[in-house]
Each structure stands twice: as C-alpha cells, then as structure tokens.
Amino acid sequence: MIKDIPSTVKCSITGVEHRVAHGETNKKELDLYLNDIYKRTENESVNIALDCEGYVLGLKDNSLGLIMIAECFTPNLFEVSRSEKISINLKPGFLIKTPISEDTKILLSKVLWHGNVTVITFDFTHSIAAMNEAGIKVNRSEERR
C-alpha cells in the first residue's frame, strides 16, 4: 500500500468527497460503484463527469495517471430549457490511479460505452487517446441510441 495516497479526497469547490482507488485500495467499492451505474443505465440515462491527468497525456505511451469519474447533473439535463437554472449536482465518485486491473477496465468501458451514458468533459482530446491506449473504451456519439 502506498502511504502518501489518501483513501478519500474532498473537492474544495463542491465539498463532495470522492474515494481514491489504487491497487486493491477501494477496488471493491469502485467495482460496486461501476456495476451500480451500469445496472441503472438499463432503465435511465446517467451523466458522468470525466477527466484524466497524466504526464504528456495521450502523446506518450502509458501516459494515463489518473481518471476522475463522478455522476453529475440530472438525467434530463439536455431537456431543460435554457432559462432554467441547473445544478451541477455532483455526486461522490472516484479518483482512479493507474494501473487499473483488467476486470475494472472492462467494467469501466461497459459504463462509458453504454448508450444511456453521457460523458461530460471539457478537455478530453488527450484524455480519450490515453484512455484508449490504456484499453478503456469511451462512448462515441455516432453509436449512441
């Protein structure tokens, strides 16, 4: 176990606490979290906030260092009129330090690839390249619904 990595991190902006998964630390909780999202996508839409960090992210082999994932907004986010105020509604999620086990990669890919999942991100060009290189699939809009 790496002693310098906390088991949770509290976001200083939203106040939401996220678990940190690395190696076996919080792995079971991460897998349960991903399974829960996947099961719910059979009957509902889920919005996922996703970001990645790394060294020369997406431009260098094995550059993916961290995946940050959490549910956000409401399922009907894209049906809300422009005049309505919306909340980010960030829910507790995970900071996932790489490397990631194969079974967790498969589960994460199933969630991010599902047609009822909307991935929300702001700077994803290098992140998606790094995730693909690491064996994690992310939903492509032309294959949705």
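The sulfur of Cys 11 lies 12 Å from the closest cysteine sulfur, that of Cys 72, which is too far for a bond. Searching the whole structure turns up zero disulfides. Keep in mind that this is a predicted model. Below is a quick tour of the cysteines, the overall fold and helix H2.

**Cysteines**
- Cys 72 takes part in no disulfide, as the nearest cysteine sulfur, in Cys 11, is 12 Å away.
- Cys 72 counts as buried because its relative accessibility is 5%.
- Cys 11, with 23% relative accessibility, counts as partly exposed.

**Overall fold**
- The protein chain contains three helices and six strands, and from the N terminus its elements follow the order β-β-α-β-β-β-α-β-α.
- Its radius of gyration is 15 Å, close to the 15 Å given by the globule rule for 145 residues, so the protein chain is as compact as a globular protein of that length.
- The C-alpha trace spans about 45 × 35 × 30 Å along its principal axes.
- Of contacts between residues at least 6 apart in sequence, 66% join residues at least 24 apart.

**Burial and surface**
- Among the 145 residues of the protein chain, 37% count as buried.
- The protein chain exposes about 8,900 Å², with carbon and sulfur atoms supplying 53% of that area.

**Helix H2**
- The twelve residues of helix H2 (residues 102–113) should span 16 Å at 1.5 Å a residue, and the end C-alpha atoms agree with this, being 16 Å apart.
- Buried in H2 are Thr 104, Lys 105, Leu 107, Leu 108, Ser 109, Val 111 and Leu 112.
- The cover over these buried residues includes helices H1 (27–40) and H3 (125–133), along with strands S3 (46–54), S4 (64–71) and S6 (117–120).

Definitions and conventions: Residues are numbered from 1 along each chain as its sequence is written. This is a predicted model: local features need pLDDT of at least 70, side-chain atom pairs count only at pLDDT 80 or more; totals for chains, interfaces and linings use all residues. Side-chain values use heavy atoms; hydrogens and water are left out. Helices (H or I, at least four residues) and strands (E, at least two) are DSSP runs, numbered from the N terminus. The expected span of a helix is 1.5 Å times one less than its number of residues. Buried means under 20% relative accessible area, exposed over 50%, partly exposed in between (1.4 Å probe, protein chains only). Contact means heavy atoms within 4.5 Å. A disulfide is a pair of cysteine sulfur atoms within 2.5 Å. The radius of gyration is taken over C-alpha atoms; the globule rule is 2.2 Å times the number of residues to the power 0.38. Accessible areas come from the Shrake-Rupley method with a 1.4 Å probe; for residues, only the protein chains shown count as cover.
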